[in-house]
Number of protein chains: 2
Amino acid sequence: MASVLGSKFKEAGHTILQIYSRNAASATQLAYEWDTESTNYISLINKEADIYIIAVPDNIIPSLVPELKFPGKIIVHTAASVPMEILSQVSEHFGVFYPLQSLSKGMLRLPEIPFFIEGSDDFTRKKLELLAHSISPLPVAEAGADTRQKLHVAAVFVNNFVNHLYVLAEDYCRKEGLDFRQLIPLIFETGNKVNEKSPAECQTGPAVRHDGASIQKHLELLNKHPHLKNIYLLMTESIQQSS
Amino acid sequence: MASVLGSKFKEAGHTILQIYSRNAASATQLAYEWDTESTNYISLINKEADIYIIAVPDNIIPSLVPELKFPGKIIVHTAASVPMEILSQVSEHFGVFYPLQSLSKGMLRLPEIPFFIEGSDDFTRKKLELLAHSISPLPVAEAGADTRQKLHVAAVFVNNFVNHLYVLAEDYCRKEGLDFRQLIPLIFETGNKVNEKSPAECQTGPAVRHDGASIQKHLELLNKHPHLKNIYLLMTESIQQSS
């Protein structure tokens, strides 16, 4: 998260004053990439920044926050599940800067990021909106903790669970001597279609057609793969219940 | 299927001699688009083509085939699940021309198609390979009925089941007052990642992290959505079993 946001900030011409990380090596690495300073001492964090961004795993935030004091500055975290009020003792200007995207270190391409912001006051909200717009062409929306949590649930379905289906298919291909990479054009097309039509209009396949003969053949082929067979049955049932 | 293949053939400069369809209206419509002839009488099918392509639903093929005789010509169908031998009485040159892609009428963009071919003899295989290359930049592979069936099973996972997860997320968003379209950049990114890394390396989220607190929160949010809650539990379990 920090790595992708930092790259986007650099690209947009922002100044990154300093990186703090408990891990000196990763702070130094990012500082080197962005031509800035780093520290692994909280007491040495630069006090002159306009905005402080806490980009650490959700469960680390509570242990970090009591050590921070940046009066007059803007302090935000990037977590879906943590209420912004956790930051209220750090500064009077606090908020959340939540990217609804799958970000990881060393990404080759930086994807477009839809940002959801929340701020304790107009000043903070306005600044966060400008910051989001400076690194993303997408609309910026406001979202409190409840909405962020719900967005996160939806993201789990379209990102984590979808990726898991790819994992299952890759595993099946390996075991059956097929080349998983031959499925990539189909994977792209499945995602691209969502941009043009509602997914409900795009549902195809034996389940939605109630094509019992094909389903039966597929289940026979999956006899050697009980885990996949189980998922096949459940998803087929779910599709038939939804349509 | 017929509609997309025909558009690709036209684009590549092939001559479409004629369209046959039991449905006169749809035959006329495609013939108009491609500036060619149409018929809805099997007896009036032009005998002069090099290749005849049967692009109808799998279960229609057996009823159509006994009426066809094209000695010396190449006859193929496009179905994953139907053995090529069903065509052996139509001509001595028979085969399969199977596109592993999600195709539908009126597509705005024509996606890239990986073709899997099968032929009764070298002459047929060579012709089908050239035909596939003329409309697709992707490698062409040979695949018999068994392999096609297995590819189809894998396709059901990465296309039909993935799209169903989009349907569930869209439904959840509508019920919770969220905008499903805000998830589209994440959907794209999830698919794009597969081009760079194995999906097994891309798995993120509360399930693979064994983040019980987040999972618990999500399940509470899904109490109002029992169907989604059920899928959430099963996919979470499946991710934890796979990792």
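I began with the salt bridge that A:Glu176 forms with B:Lys150, whose closest N and O atoms are 2.9 Å apart; I count a salt bridge where a side-chain nitrogen of Lys or Arg lies within 4 Å of a carboxyl oxygen of Asp or Glu. The model is predicted, with local features needing pLDDT of at least 70 and side-chain atom pairs counting only at pLDDT 80 or more, while totals for chains, interfaces and linings use all residues. Residues are numbered from 1 along each chain as its sequence is written, chains are lettered from A in the order in which they are written, and side-chain values use heavy atoms, with hydrogens and water left out.

I then looked up a second pair, A:Arg109 and B:Glu189, whose side chains meet in a salt bridge at 3.2 Å, N to O. This pair crosses between chains, from the loop between strand 5 (93-99) and strand 6 (115-119) of chain A to helix 6 of chain B; helices (H or I, at least four residues) and strands (E, at least two) are DSSP runs, numbered from the N terminus.

Next I followed helix 6 (residues 184-193) in both chains, and found the two copies packed at about 175° with axes 9 Å apart, the axes being lines fitted to C-alpha atoms over the stretch in contact and the angles running from 0 to 180 degrees between N-to-C directions. The two helices are therefore roughly antiparallel, a term used for angles over 145 degrees. On the chain A side the contact (heavy atoms within 4.5 Å) is made by A:Ile187, A:Phe188, A:Gly191 and A:Asn192, and on the chain B side by B:Ile187, B:Phe188, B:Gly191 and B:Asn192.

For the whole interface, I recorded 81 residues from chain B and 81 residues from chain A. The chains bury about 8,000 Å² between them, 65% of it on carbon and sulfur atoms; buried area is the accessible area (1.4 Å probe) that two parts lose on being put together, summed over both. B:Lys150, B:Phe157 and B:Val158 supply 8% of the area that chain B buries against chain A, more than any other three residues.

Definitions and conventions:
Angles under 35 degrees count as roughly parallel, over 145 as roughly antiparallel, 65 to 115 as roughly perpendicular and the rest as oblique.
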